[in-house]
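Q: I have a model open and would like to learn how to read its features one by one. Could you walk me through them?

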Amino acid sequence: MRVTDIVAENRVREEMGDLEDLARSIKVFGLLNPLVVDSDLRLLAGGRRLEAIKLLGWEEVEVTQREGMSALERAAIELEENLRREDFTWQ
């Protein structure tokens, strides 16, 4: 889908962190996890990836589309993606 068609507003995450490092990773390895949008093309998951993709100048991006979701379900997906992370250790 076209990057410019994705609507990313009213997101919980306000601080995006180091997007240049993420953009370099996406450039080298590709997009490992697609963005998630609803039927209205509102971003549900992948805000940092979307911003990194914009830095790279991509015009199109792979997405997974979820349909028929309530506002509460949309918010839960965004929260879930950000809460269920574990710091990676090099052991």
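A: Gladly! Let us begin with the surface: the protein chain has an accessible surface of about 6,700 Å², and 48% of that belongs to carbon and sulfur atoms. Accessible areas here come from the Shrake-Rupley method with a 1.4 Å probe, and for residues only the protein chains shown count as cover. This is a predicted model, in which local features need pLDDT of at least 70 and side-chain atom pairs count only at pLDDT 80 or more, while totals for chains, interfaces and linings use all residues. Residues are numbered from 1 along each chain as its sequence is written, and side-chain values use heavy atoms, with hydrogens and water left out.

Q: How many helices and strands are in the protein chain, and what pattern does the chain follow along the sequence?
A: Helices (H or I, at least four residues) and strands (E, at least two) are DSSP runs, numbered from the N terminus. The protein chain has three helices and three strands, and along the sequence they follow the pattern α-β-β-α-β-α.

Q: What percentage of the 91 residues count as buried?
A: Buried means under 20% relative accessible area, exposed over 50%, and partly exposed in between (1.4 Å probe, protein chains only). Of the 91 residues of the protein chain, 27% count as buried.

Q: Among contacts between residues at least 6 apart in sequence, what share joins residues at least 24 apart?
A: A contact means heavy atoms within 4.5 Å. In the protein chain, 81% of the contacts between residues at least 6 apart in sequence join residues at least 24 apart.

Q: How do I read the packing of two helices, and at what angle do the axes of H1 and H2 cross?
A: Two packed helices are described by the angle between their axes and the distance between the axes. Axes are lines fitted to C-alpha atoms, for helices over the stretch in contact, and angles run from 0 to 180 degrees between N-to-C directions. Here the axes of H1 and H2 come within 8 Å and cross at roughly 75 degrees. H1 is therefore roughly perpendicular to H2; angles under 35 degrees count as roughly parallel, over 145 as roughly antiparallel, 65 to 115 as roughly perpendicular and the rest as oblique. On the H1 side, the residues making the contact include Leu-19, Leu-22, Ala-23 and Ile-26, and on the H2 side they include Ala-52, Ile-53, Leu-55 and Leu-56.

Q: Now for charges: how many salt bridges does a search of the whole structure find?
A: Side chains of opposite charge can pair when their charged atoms come close. The cut-off used is a side-chain nitrogen of Lys or Arg within 4 Å of a carboxyl oxygen of Asp or Glu. The search finds six salt bridges. One of them pairs Arg-2 with Asp-5 at 2.9 Å, N to O. Arg-2 is partly exposed at 48% relative accessibility, and Asp-5 is partly exposed at 28%.

Q: Which residue forms a salt bridge with Glu-51, and where do the two partners lie?
A: Glu-51 pairs with Lys-54, and their closest N and O atoms are 3.4 Å apart. Both sit in helix H2 (residues 47-56), three residues apart, which is about one turn of the helix. Glu-51 is partly exposed at 26% relative accessibility, and so is Lys-54, at 41%. Elsewhere, salt bridges that share partners join Asp-38, Asp-40, Arg-42 and Arg-74 into one network.

Q: Is Asp-38 buried or exposed, and which residues is Asp-38 in contact with?
A: Asp-38 belongs to strand S1 and is buried, with a relative accessible area of 3%. The side chain of Asp-38 meets that of Arg-42 in a salt bridge of 2.7 Å, N to O, and Arg-42 is partly exposed at 29%. Leaving aside neighbours within four places in sequence, Asp-38 is in contact with Leu-44, Gln-65, Arg-66 and Arg-74.

Q: What should I know about the phi of Leu-41?
A: Most residues other than glycine have a negative phi, and most peptide bonds are trans. Leu-41 has a positive phi of about 65 degrees although it is not a glycine. Leu-41 is in the loop between S1 and strand S2 (43-45) and is partly exposed at 22% relative accessibility.

Q: Finally, which residues make the nonpolar surface patch?
A: Patches are made of residues with over 30% relative accessible area and no salt bridge; like charges are joined within 9 Å, and nonpolar side chains (Val, Leu, Ile, Met, Phe, Trp, Tyr) within 5 Å. Val-28, Phe-29 and Leu-32 make a nonpolar patch of about 380 Å². Leu-32 lies in the loop between helix H1 (19-29) and strand S1 (35-38), and counts as exposed at 65% relative accessibility.
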